[in-house]
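Welcome! Please take a moment with the sequence and the structure before reading on.

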Amino acid sequence: MDSIVVTGNGALAGEIPIAGAKNACLTLMPATLLSDEPLTLTNAPRLSDIRTMTDLLASLGAEVSRLQDGQVLAMSSHDLNNHKADYDIVRKMRASILVLGPLLARHGHAIVSLPGGCAIGARPVDLHLKALEALGAELDLRDGYVHATAAGGLRGGTIDFPIVSVGATENALMAATLAKGTTVIRNAAREPEIVDLARCLQKMGAQIDGAGTNTITVQGVDRLHGATHPVVTDRIELGTYMLAPAICGGEVELLGGRMDLVGAFCEKLDEAGIDVLETSKGLSVKRRSDHVKAVNVTTEPFPGFPTDLQAQMMALLCTADGESVLEEKIFENRFMHAPELIRMGADIDVHGGHATVRGVKRLKGAPVMATDLRASVSLILAGLAAEGDTTISRVYHLDRGYEHVVRKLEGVGARIERIKGQ
Ligand code: UD1
C-alpha cells in the first residue's frame, strides 16, 4: 500500500488549480440513466470514486467514455440492459445509492445493494427510500438489496425531509423529473452540488424551481434529452488547499475558487486571522500574522460550515493561540483524525459530538494512519507545518477525493512525496 511522506517546511507560494467537485460529479453521472440521449460532463475530477461510479454505470449497460485525460465523461444510457446494482461495486462507495432514483424513474424497477462508504457513522439510506415511496415506489428490502418497483411509473408527491440530506434530495430530485405531475421537496438540501445537478437536469429538459432553497418544486416531464454540462468547482478541495497557506504561512492562489462556495468557511478563517481575497483567477489566501487565533466551529448543512472541512480545520487549530471547540452536527463519528493528530503532539479531547483543541506551539512529525477521506488530507496539512517527517499510510482514502495532491502541493513549495507500496 502506498504512503505519503510530508516534511514540515516554511511558507508556501504559488497557485493551485481546483478540480471539478467529486460530490457533484457523483450525482451528475447517474443522471445519464434518466435519458436515452448522451450526457457529457466536462471539468470532471480524476478520482477513484469517479471510476467506481463509471464501473457501476457500465454494469447497468451504460457507456461511459473518459476523454481528455478523464476530464470529460461522455455517457450514454441508450442500451441499458441491467437494473441491478451489485453489492461488489456498491459496497465501495455510498454514493452508489444515487442510481436508485433515476433507474426507477426511467424503467419502473431497480434492485440496488445497500451501500458502504466512509466509516463516519451509521449513515442509513432511510430518507432516500421514504422519498421514493412518497413518489409511489414500492420497496422491499431483502438480502441486503432494495427491490424497488413503480408499476405504471412514479407519480409526483410531497416529500418532507425530517432532516437535511444531500444524497436523499439528489435521489428525489432526479426521480421527480420523470414522475407524473408535480413534486414538492421540503427541507431540501441547499448545497451547491444540488444547484449544479438541477442546472444539468434543466439542460436535459427537466422543469425545476427552487434548487438552492429549502423547497424545490419539480414538474414531471415525459422524457429528458441529452446535454453537456461543466461540473461545478470542488468547494471541499478548495477549502482544503486554502488551509495550506493558513497553516504554513505564505500566500497561495486557488484557481477557479469562488467565495460563494465557501462563505461560512471564509468567515471562520477571517476570525482565525486569515485573509481571503477574490482575484481575477480565483481566491488568494494568506495569514495576517504568524499567529492563528482559536475559533469555535459547528458543522451544519450548507450554507453552514461543511462537515467535509472539519478535519482539515482541526489541523489548523492544533497550533492556534488558545482553545477551540469543534462541534460535529452531521455525522456522529467524525473525529477519527483526532487520535492521529494527538500522535503528532496535538492537545485534543473528544467528548461526544465535540472536540476541544488547545493550541500547541508546534506539531511533531510521526507515522499516522488515514482513517477516511477528509481525515487523510487533514494529516497532510498537519504534516506540512510539523517538525520533521510525517508518514501517512492508507492513502487510498485520499485517492477517492483528491487528484494529484502531491503535484498540487509540490507546486506551491511543499515537501511531499508518495512512496509506492509493495
Ligand atoms: C454527502 C456528501 C458527503 C458530505 C455529506 C454532508 C456526496 C457523495 N457525499 O453525503 O461528502 O459529508 O453530504 O454534507 O455528496 N441520513 C439519514 N438517512 C438517510 C440519509 C442521511 O439519517 O437516508 C443522515 C446521515 O447519517 C447524516 C445526515 O443525514 O447524519 C446527512 O447526510 P447526507 O446529507 O445524506 O450525506 P450524504 O448525501 O451521504
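This is a predicted model: local features need pLDDT of at least 70, side-chain atom pairs count only at pLDDT 80 or more; totals for chains, interfaces and linings use all residues.

**The annotated pair**

The unreviewed UniProt entry lists K22 and N23 under "binding site". In this model, K22 belongs to helix α1, which covers residues 22–28, and N23 also has its place in helix α1.

| Residue | Relative accessible area | Class |
|---|---|---|
| K22 | 6% | buried |
| N23 | 28% | partly exposed |

K22 counts as buried because its relative accessible area of 6% is under the 20% cut-off. Leaving aside neighbours within four places in sequence, the contacts of K22 are P45, L47, D49, I50, D234, L373, R374, R400 and G401. For N23, with residues up to four places away in sequence not counted, the contacts are E193, D308 and R374.

**Helix α4**

Now for helix α4, which spans residues 100–107. Why is it described as largely enclosed by the rest of the structure? Six of its eight residues are buried, so the rest of the structure largely encloses the helix. The buried residues are L100, G101, P102, L103, L104 and A105. After α4 comes G108, which has a positive phi near 80°.

Key. Residues are numbered from 1 along each chain as its sequence is written. Side-chain values use heavy atoms; hydrogens and water are left out. Buried means under 20% relative accessible area, exposed over 50%, partly exposed in between (1.4 Å probe, protein chains only). Helices (H or I, at least four residues) and strands (E, at least two) are DSSP runs, numbered from the N terminus. UniProt positions are given in the numbering used here, feature names are shortened, and annotations may be inferred rather than shown by experiment. Contact means heavy atoms within 4.5 Å.
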